[in-house]
Amino acid sequence: MGKLDNRVALVTGGQRGLGAAILRELAAEGAICVVNYPWEMEAEAAQNLVKELKALGANAVAMEADVTNTEDVITLIAKIRDQFGHLDILVNNAGLNTLKTWEDLDRDSWDNTLAVNLTGVFNCCKAVLDIMSEQKKGNIINIASVAAFIGRGNADYIATKAAVLGLTRSLARQYGRHGIRTNSISPGFHNTEMTQRARQTSAESADEFIKMVPLGYLAEADSI
């Protein structure tokens with residue numbers, strides 16, 4: 001028996017990287033896993049993960065939805081409710097990092113980062129809180145970043161992750177009385193595709209990236 005038997009868990013941007021690692025851990029604890037992916041080109045990665053989770057004995061499905069699109073999110077949550085009857089865990093993992101310097105950052109890039117990293121979290125929280133309030137229980141986990149505390153990285157990314165922390169605190173205070181826990185996780189540098197791209201585009205060497213980690217190495221996504 002797992003700690004999360006029969007709990008339904010949705011992870012946005014769950015088809016790869018940190019999202020996939022989170023889903024593997026949820027599956028290992030018995031959760032019913034919903035792998036959200038943003039568009040058709042990511043469908044294969046999502047389906048491959050579903051096959052992997054099913055091979056481990058989990059109940060898993062893949063569902064497409066763009067978290068920046070309000071109607072997409074409402075439809076996604078309705079599908080989950082129709083299929084499983086409830087939704088217990090939401091992990092707002094979908095994220096974007098343009099890796100643009102302040103000098104190169106334009107308004108379109110800024111708006112796109114906010115749409116995914118902040119409005120996407122808002123859309124998903126807004127859609128699930130009615131269900132969780134009816135259930136009088138639920139757990140929302142928002143993926144922020146250590147960048148919000150240290151100010152290191154790209155301004156658009158940092159700004160959204162700092163905003164996610166504020167949103168998390170607000171929802172925790174407002175909905176805790178309804179049995180809904182809202183928490184955030186702020187990972188440091190860890191070995192994902194996003195970090196690899198950052199290392200490739202930064203003037204800092206891989207050794208300098210690792211020096212920013214007190215333990216002296218990049219964690220893998222499953223550590224988070």
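Leaving aside its neighbours within four places in sequence, which residues is Asp-88 in contact with? They are Asn-6, Arg-7, Val-8, Met-132, Gln-135, Lys-137, Gly-138 and Asn-139, where contact means heavy atoms within 4.5 Å.

The views below show a predicted model, in which local features need pLDDT of at least 70, side-chain atom pairs count only at pLDDT 80 or more, and totals for chains, interfaces and linings use all residues. Residues are numbered from 1 along each chain as its sequence is written, and side-chain values use heavy atoms, with hydrogens and water left out.

**View 1. Asp-88 in the loop between helix H3 (70-84) and strand S4 (89-92).** Helices (H or I, at least four residues) and strands (E, at least two) are DSSP runs, numbered from the N terminus. Asp-88 is buried yet has no salt bridge, and Lys-137, the nearest side chain of opposite charge, is 4.7 Å away. Buried means under 20% relative accessible area, exposed over 50%, and partly exposed in between (1.4 Å probe, protein chains only); a salt bridge requires a side-chain nitrogen of Lys or Arg within 4 Å of a carboxyl oxygen of Asp or Glu. For charge, Lys and Arg count as positive and Asp and Glu as negative, while His and the chain ends are not counted. The side chains of Asp-88 and His-86 are joined by a polar contact of 2.7 Å (a pair of N or O atoms within 3.5 Å; within protein, one must be able to donate a hydrogen and the other to accept it, and residues adjacent in sequence count only if both atoms are side-chain atoms).

**View 2. Positive phi values at Asn-6 and Lys-136.** Asn-6, found in the segment before strand S1 (8-11), has a phi near 70°, a positive value in a residue other than glycine, and is exposed at a relative accessible area of 57%. Lys-136, placed in the loop between H4 and strand S5 (138-143), has a phi near 65° and is likewise classed as exposed, at 63% relative accessibility.

**View 3. The salt bridge between Glu-52 and Arg-24.** The closest N and O atoms of this pair are 2.6 Å apart. Glu-52 lies in helix H2 (residues 43-55) and Arg-24 in helix H1 (residues 17-28), so the pair ties together parts that are 28 residues apart in sequence. Glu-52 is partly exposed at 32% relative accessibility, and Arg-24 is partly exposed at 33%.

View 4. Glu-134 is exposed at 54%, whereas Arg-81 is partly exposed at 34%.

**View 5. Thr-119 in helix H4 (residues 107-135).** Thr-119 counts as partly exposed, at 34% relative accessibility. Not counting residues up to four places away in sequence, Thr-119 touches Val-67 and Leu-114. The C-alpha atoms of Thr-119 and Asn-69 are separated by 9.0 Å, although these residues stand 50 apart along the chain.
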